[in-house]
Amino acid sequence: MGDLLDWIISFLFLVTLLIIVIYQLTCLADLEFDRRNPYDASTKINRMVLPEFGLQGLLCLYYVLTGHWFMAVLSLPHLFYNIRLYMKREHLADVTELYNTNKWEQKKRVYKIGHIALSIFITSYWYISFSYATTKY
């Protein structure tokens with residue numbers, strides 16, 4: 001039952017991360033189609049960056065503490081990328097450069113969504129396999 005709860009919590013972490021990144025991507029798409037000005041878009045994106053980084057760090061720590069080493073190793077590249085962005089001070093969207101870097105910012109978010117979707121797929125598989133294994137007929 002403990003492993004089943006671990007996978008449910010992991011799934012909730014991942015879905016929250018996915019929602020945050022999709023929200024950022026939506027703000028960038030709104031900027032691209034002139035539905036939002038650069039100041040509003042960068043403010044909304046920057047407000048969600050640190051919670052995303054913190055949640056990714058907590059997720060990786062959670063995998064390590066629960067002993068799910070494969071998922072911890074799988075989430076490390078995303079975590080190291082976020083740490084590198086933070087250390088180089090490139091994690092926030094710049095208001096003055098947002099139009100010029102919009103495509104690159106969108107591409108980064110799409111890759112993050114792909115990584116999170118892969119993690120959700122693997123987590124769902126483990127969740128289903130553990131829930132099937134704990135079911136008694």
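The structure is a predicted model, in which local features need pLDDT of at least 70 and side-chain atom pairs count only at pLDDT 80 or more, while totals for chains, interfaces and linings use all residues. Residues are numbered from 1 along each chain as its sequence is written, and side-chain values use heavy atoms, with hydrogens and water left out. The chain holds four helices and zero strands, where helices (H or I, at least four residues) and strands (E, at least two) are DSSP runs numbered from the N terminus.

**Overall fold**

- Followed along the sequence, the chain shows the pattern α-α-α-α, and its C-alpha atoms fill a box of roughly 60 × 30 × 20 Å when this is taken along the principal axes.
- Of the 137 residues in the chain, 37% count as buried, a term that stands for under 20% relative accessible area, with exposed meaning over 50% and partly exposed lying in between (1.4 Å probe, protein chains only).

**Helix packing**

- Two packed helices are described by the angle between their axes and the distance between the axes.
- The axes of helix α3 (residues 69-87) and α4 come within 11 Å and cross at roughly 160°, which makes α3 roughly antiparallel to α4.
- Here the axes are lines fitted to C-alpha atoms, for helices over the stretch in contact, and angles run from 0 to 180 degrees between N-to-C directions; those under 35 degrees count as roughly parallel, over 145 as roughly antiparallel, 65 to 115 as roughly perpendicular and the rest as oblique.
- The crossing of α3 and α4 is left-handed, meaning that the near helix is turned anticlockwise from the far one by less than a right angle, whereas clockwise would be right-handed.

**Salt bridges**

- Side chains of opposite charge can pair when their charged atoms come close.
- Six salt bridges are found in a search of the whole structure, each being a side-chain nitrogen of Lys or Arg within 4 Å of a carboxyl oxygen of Asp or Glu.
- Glu52 forms a salt bridge with Lys112, with the closest N and O atoms 2.9 Å apart, and this pair links distant parts of the chain, since Glu52 lies in helix α2 (residues 38-66) and Lys112 in helix α4, 60 residues apart.
- Glu52 is buried, with a relative accessible area of 1%, and Lys112 is likewise buried, with a relative accessible area of 7%.
- Arg109 and Glu105 meet through their side chains in a salt bridge (2.3 Å, N to O); both residues lie in helix α4, four residues apart, about one turn of the helix, and both are buried.
- Asp30, Arg35 and Arg36 are linked in a network of salt bridges, in which Arg36 pairs with Asp30 at 3.0 Å between the closest N and O atoms.
- Arg36 counts as partly exposed because its relative accessibility is 22%, whereas Asp30, at 12% relative accessibility, counts as buried.

**Nonpolar surface patch**

- Helices α1 (2-32) and α4 (102-134) each supply at least two residues of the nonpolar patch, and the largest share, four residues, comes from α1.
- Ile8 is found in helix α1, and at 32% relative accessibility Ile8 counts as partly exposed.
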